[in-house]
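User: I want to go through the labels on this model and hear what backs each one. Where shall we start?

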Amino acid sequence: MNQALTAIDQFPSEFVERLRTIVPESWHETVFASFVYPRVTSFRVNTLSISVDRALAELEGAQVPFHRVPWCDHAFYVESNDRARLTHCELASNGGVYVQGLSSIVASLVLDPQAGEEVMDLAAAPGGKALHTAALMKNEGWLSVVEPIRKRMFVLADNLKRGGVTISHTYLMDGRRAGQKVPDRFDRIMLDAPCSGESRFHIDQPSAWKYWSPRKIKEQSRKQQGLILSAFQSLKRGGRMLYSTCSFAPEENEMIIDGFLNEVGDTAQLLPIELPFDNWQTGLCSFGEQQFSNELSLSCRILPNEHHDGFFMALIGKG
């Protein structure tokens, strides 16, 4: 732990102090160590193009030593020193497996899209959650994928095509306009909102936190406020949407949800989330002098360790 504490002194001191406040003290050692020590590389078998059994047989033939994820039958991981074996194997090239963080994988499972539904992924690039959503839907239904940046849209479209997705419809558009264009349409919506990316911080990648600041957090929160209102407007009555970020900052998480609930009133309800592992905490009901609705305890924050990135989720129903 001393090594981890010494190493994270290289991070902005305000970020470290904020994190001490956000994360329960009993998890400080694990969370701080996650910024220093190597993480596993997780991946998902793309069941749209290959069965799990066949994929595993091919990985064994390619001498890729994998491990099963106990809570998801199509998710696996390799140790950090085996990452190159995985990413350079044929299955990774042809879309049979897709490298994706476990926190990202669990987000699609929480949203639980069903075959035949109309689903939207708002701010969808590079496409990991959209690919997973299409697989969970068994390529049956309608999947709208929205991305405002042209270069990222091309990457998204290429990933969907290589992954064998046939139900996707891509839109180069600012997601904050979606609610006006297609109100009350979708059964489920994934909004993995653009954020400050705090969970991507690692001691080996100083560029990840080079431009971090409370000001950047505030800039992101303004975008997030517009996106969540637009997404909710596009959700049909009885539908569900998942709001998520890879930031620890309450300004991008609990404060966004609390402000959203205050604006839309009783038409929105937070729904409980059950996670199949123990490294998570319930959403905060206060931060500093800010007080939030007690309903925020139904949201959750995944705490980073050697397997998971930090991740915030709130599941919202429309009544």
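User: Which residues of helix 8 are called buried, and what makes them so?

Analyst: They are G128, K129, A130, L131, H132, T133, A134 and A135. Buried means under 20% relative accessible area, exposed means over 50%, and partly exposed lies in between (1.4 Å probe, protein chains only). Helix 8 spans residues 128-136, and eight of its nine residues are buried. That is what makes helix 8 mostly covered. Just after helix 8, K138 takes a positive phi of about 60°.

User: What are these values and numbers based on?

Analyst: This is a predicted model, with local features needing pLDDT of at least 70, side-chain atom pairs counted only at pLDDT 80 or more, and totals for chains, interfaces and linings using all residues. Residues are numbered from 1 along each chain as its sequence is written, and side-chain values use heavy atoms, leaving out hydrogens and water.

User: Why is strand 6 called largely enclosed?

Analyst: Strand 6 covers residues 142-147, and five of its six residues are buried, so the rest of the structure largely encloses it. Helices and strands here are DSSP runs (helices H or I, at least four residues; strands E, at least two), numbered from the N terminus.

User: How do you know which strands pair with strand 6?

Analyst: Count the bridges. Two strands pair if DSSP finds at least two bridges between them. Strand 5 (residues 118-122) and strand 6 have five, in the parallel sense. L122 stands opposite V146 in strand 6. Strand 6 and strand 7 (residues 168-172) are also joined by five bridges and run parallel. Here S144 has H169 of strand 7 as its bridge partner. Both pairs meet the definition.

User: What makes the crossovers right-handed?

Analyst: With the strands pointing away from the viewer, the path from the first strand over the helix to the second must run clockwise. Strand 5, helix 8 and strand 6 make a right-handed β-α-β unit. The chain then crosses from strand 6 through helix 9 (residues 150-162) to strand 7, and this crossover is right-handed as well.

User: Which strands of the open sheet are edge strands, and why?

Analyst: The sheet has four strands in the order 2-3-1-4, paired antiparallel. Strand 2 (67-68) and strand 4 (97-99) each have a single partner strand, so one side of each lacks a neighbour in the sheet. Strand 1 (residues 41-45) is joined to strand 4 by three antiparallel bridges. R44 stands opposite Y98 in strand 4. Helix 8 packs on this sheet and touches strand 1 and strand 4; its direction makes about 35° with that of strand 1. Axes are lines fitted to C-alpha atoms, for helices over the stretch in contact, and angles run from 0 to 180 degrees between N-to-C directions.

User: E251: buried or exposed?

Analyst: Buried. Its relative accessible area is 19%, and the limit is under 20%. E251 is found in the loop between strand 9 (235-245) and helix 12 (254-264).

User: What polar contact does the side chain of E251 make?

Analyst: Its partner is the side chain of R18, at 2.8 Å. The rule asks for a pair of N or O atoms within 3.5 Å; within protein, one must be able to donate a hydrogen and the other to accept it, and residues adjacent in sequence count only if both atoms are side-chain atoms. Beyond four places in sequence, E251 is in contact with R18, I217, S221, Q224, I256 and F287. Contact means heavy atoms within 4.5 Å.

User: How do T245 and T21 compare with the cut-offs?

Analyst: T245 is buried, at 0% relative accessible area. T245 is in strand 9, and a polar atom of its side chain lies 3.1 Å from the backbone nitrogen of S247. T21, in helix 2 (residues 13-22), is exposed at 54%.

User: What makes a group of residues a nonpolar core?

Analyst: Its members are buried Ala, Val, Leu, Ile, Met, Phe, Trp, Tyr and Cys residues, joined through side-chain atoms within 4.5 Å. The largest core has 49 residues; F11, F15, F35, I228, Y243, I257 and I316 touch the most other members. A second, separate core of 25 residues includes V40, V69, L102 and L242. Outside four places in sequence, its contacts include S42, V69 and W71.
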